[in-house]
Amino acid sequence: ITDSVPMSKRDTYRQADSPYLRMEPTLATYFYIFNTRKPPFDDPRVRRAFNMAIDRQAIIDTVTRGGEAPAYNIVPPKTAFYHSPESPIHEDIAEARALLAEAGYPDGKGFPVIELLYNTSESHRPIAEAIQEMWQQNLGISVELVNQSWPVYLDRRKSGAFSVARAGWFGDFNDASTFLTMWTGDSGLNHTGWSNPEFDALIQKAEQTGNPAKRQDVLREAELIFLEGIPIMPIYFYNRIYLIRPEVKGWYPNILDDHPYKYIWLESSDE
């Protein structure tokens, strides 16, 4: 079993209809975060415009090529007992341009050059390049890509020394709360600077609600407030993309990608 498949080789395996290739949903979301503490991303109209001005499916089809699902929410769609509210985030270039003009930047005029921060990785750069081109073409703004090692990248995120930064989250357990509690005002994982007292109160209420159905309703309400605040830009929900030999038995896909080895064995193969 491989850990992953490089982006450059995924089409080859798919076109060959390889029996070894697996592309399976996992409990994780790929997204960008905005620094809402300072201009221009302290304006929710700007954040919304940037969300509207990218083509998520094109990124999946031409860059990641892993069959991922485009993301407009933060909580993945297969999360246990949960379905996200209808997202206010959508794609509309004309509306994005109108919002940017309303915020004082018609056709991108006067908009500062922004940095898009990402950590060194084979996959992050081509995604950043695609989004850079979409923002420049659709909004008329200039984007500088900044690639940093993991420690420097993380320090800049924590200190707020960024405008837009790559991010992602893999669920610690199969529950919507693992994707929502991180955005409370006092969370050490919330590097956006965004906070909302109503959101924080709902998260606390969910933690104190014993009725599972009512708890999910509270979490949905919290997610909607978060999406309306739009401190992030969801891009896609991860797939686990890997190769597996037919000798491997007892390996079953699951959203947490947990595979207890005591239940896995090898059988001989003629291949």
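Student: At what angle do H4 and H5 pack, and how far apart are their axes?

Tutor: The angle is about 70 degrees, and the axes of H4 and H5 lie 10 Å apart. Axes are lines fitted to C-alpha atoms, for helices over the stretch in contact, and angles run from 0 to 180 degrees between N-to-C directions. Helices (H or I, at least four residues) and strands (E, at least two) are DSSP runs, numbered from the N terminus. This is a predicted model, in which local features need pLDDT of at least 70 and side-chain atom pairs count only at pLDDT 80 or more, while totals for chains, interfaces and linings use all residues. Residues are numbered from 1 along each chain as its sequence is written, and side-chain values use heavy atoms, with hydrogens and water left out.

Student: What makes H4 and H5 roughly perpendicular?

Tutor: Check the ranges. Under 35 degrees counts as roughly parallel, over 145 as roughly antiparallel, 65 to 115 as roughly perpendicular, and the rest as oblique. The angle here is about 70 degrees, so H4 and H5 are roughly perpendicular to each other.

Student: Which residues meet where H4 touches H5?

Tutor: From H4 come Ile 93, Ala 96, Arg 97 and Leu 100; from H5 come Gln 137, Asn 138 and Leu 139. Contact means heavy atoms within 4.5 Å. By class, the residues are four nonpolar, two polar and one charged. Ala, Val, Leu, Ile, Met, Phe, Trp, Tyr, Cys and Pro count as nonpolar, Asp, Glu, Lys and Arg as charged, and the others, Gly among them, as polar.

Student: Why is Arg 156 called buried?

Tutor: Buried means under 20% relative accessible area, exposed over 50%, and partly exposed in between (1.4 Å probe, protein chains only). Arg 156 has 19% relative accessibility, so it counts as buried. Arg 156 sits in helix H6, residues 150–159. Leaving out residues up to four places away in sequence, Arg 156 touches Glu 115, Leu 117, Val 146, Gln 148, Ala 161 and Phe 162.

Student: What makes Asp 11 partly exposed?

Tutor: Its relative accessible area is 24%, so Asp 11 falls in the middle class, partly exposed. Asp 11 belongs to helix H1.

Student: How do you know that H2 is mostly covered?

Tutor: Seven of the nine residues of H2 are buried. They are Val 46, Arg 47, Arg 48, Ala 49, Phe 50, Asn 51 and Met 52. S5 is mostly covered too, with five of its seven residues buried.

Student: What makes a set of residues a nonpolar core?

Tutor: The members are buried Ala, Val, Leu, Ile, Met, Phe, Trp, Tyr and Cys residues, joined through side-chain atoms within 4.5 Å. The largest core here has 39 residues, and Tyr 32, Phe 50, Leu 100, Phe 111, Ile 127, Ile 131 and Trp 135 touch the most other members. Among the elements that each supply at least two residues are strand S1 (21–34), helix H2 (44–52) and helix H5 (124–139). H5 gives the most, with seven residues. A second, separate core has 33 residues, including Ile 33 and Trp 194.

Student: Why do S2 and S4 count as edge strands?

Tutor: The sheet is open, with six strands in the order S2-S6-S1-S5-S3-S4 and mixed pairing. S2 and S4 each have a single partner strand, so one side of each is left without a neighbour in the sheet.

Student: What makes S1 and S5 a pair?

Tutor: Two strands pair if DSSP finds at least two bridges between them. S1 and S5 have seven bridges and pair in the antiparallel sense. In S5, Gly 168 stands opposite Tyr 30, and Ala 165 stands opposite Ile 33. S3 and S5 run parallel, joined by two bridges.

Student: What makes the peptide bond from Pro 39 to Pro 40 stand out?

Tutor: The bond is cis, with omega near 0 degrees. Pro 40 is in the loop between S1 and H2.
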